Amino acid sequence: MIETDLEPADGRRLHVYDTGADGSAGGGGADGGPGGRSSRLTVFWLHGTPNVGAPPGPLLAPSARLGIRWVSYDRPGYGGSTPRPGRDIASAAADVGAVADALGIARFAVMGHSGGGPHALACGALLPERVLAVVVAAGLAPFGAAGLDWFAGMTASGAAGLRAAAEGRTAKEAYEADAAYDPEMFTPADHAALAGEWSWFGEVVGPAVKDGPGGLIDDDLAYVAPWGCDPARVVAPVLLLHGGEDRIVPSAHGRWPAGRCPGAELRLAPADGHISVLGAGPAALEWLVERAA
């Protein structure tokens, strides 16, 4: 894994992760295309809340088999990336584009989990000539989306945190000052996944909050504000993975874009939760390679 710091045109710092262009740690050609060793598919990982941006460890082995290069970054306010208070969901497209430009990657796919899902859709909507395909796992729908009861099915703690964000930064900061971990947000299937290969989340959550909840606060404020882009404008193929038992982002959030993104396919796993749905990750990577081709 190569880690570097890049500076977009506005002078901020983005901490970037790259498994390498030569295929030695997952593969990836500079052109970002699928196929042989000289033209491997690059996939940008858009991380959840609160995480730093390291690519998903449990998916690195199947990625190597498929010839996938992972590129990702700490979202502003997390890890080594400069905070950007007031950022919206759409801002991820500019950051991904800047990272791709710096690495010489013309076209690529994107994959986001949880809060990374909206950011992945933003890339698809705003970078239509560069994004080959999109995977969203357990992603949020836009706040106030027509026909969607946005908070329905969320755990009380999860809904409370997002309702505080909807009241503004001051209310959200006050909420986070007393917030505590709620194990009930995860299903038994989630807890089993977290005790197994997806214990990897321990490697990306701790570093994300060690300096405070600033990144999390900026994320939640963005989720309950206008995205700055329309998911219906995504022209690339979209695969939506969602667990039917998800208590953090209920499955209705996955159904909503499935009916609005022109090239969307929804794979609903009735027994899965927010984390265990990532068990479908290897199959999703195969889908990405096929669609990108």
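Analyst: Ring pairs link Phe143, Trp150 and Phe151 into a cluster; rings of Phe, Tyr and Trp (its six-membered ring) pair if their centres lie within 6.5 Å, with planes under 30 degrees apart called stacked, over 60 edge-to-face and the rest tilted. The model is predicted, so local features need pLDDT of at least 70 and side-chain atom pairs pLDDT 80 or more, while totals for chains, interfaces and linings use all residues. Residues are numbered from 1 along each chain as its sequence is written, and side-chain values use heavy atoms, without hydrogens and water.

User: How many aromatic pairs are there by this rule?

Analyst: One of them joins Phe143 and Trp150, 4.9 Å centre to centre with 90° between the planes, which is edge-to-face. Trp150 and Phe151 form another edge-to-face pair, at 5.2 Å and 85°. The count of aromatic pairs comes to nine.

User: Is tryptophan 150 buried or exposed?

Analyst: Buried means under 20% relative accessible area, exposed over 50% and partly exposed in between (1.4 Å probe, protein chains only). Tryptophan 150 has a relative accessible area of 4%, so tryptophan 150 is buried.

User: Which elements do the buried residues of H7 pack against?

Analyst: Helices (H or I, at least four residues) and strands (E, at least two) are DSSP runs numbered from the N terminus. The buried residues of H7 are Phe201, Val204 and Ala208. They lie on the same side of H7 because they cover an arc of only 80° around the axis, taken from the directions from the helix axis to the C-beta atoms. With contact meaning heavy atoms within 4.5 Å, they pack against strand E5 (108-113) and helix H6 (188-195).
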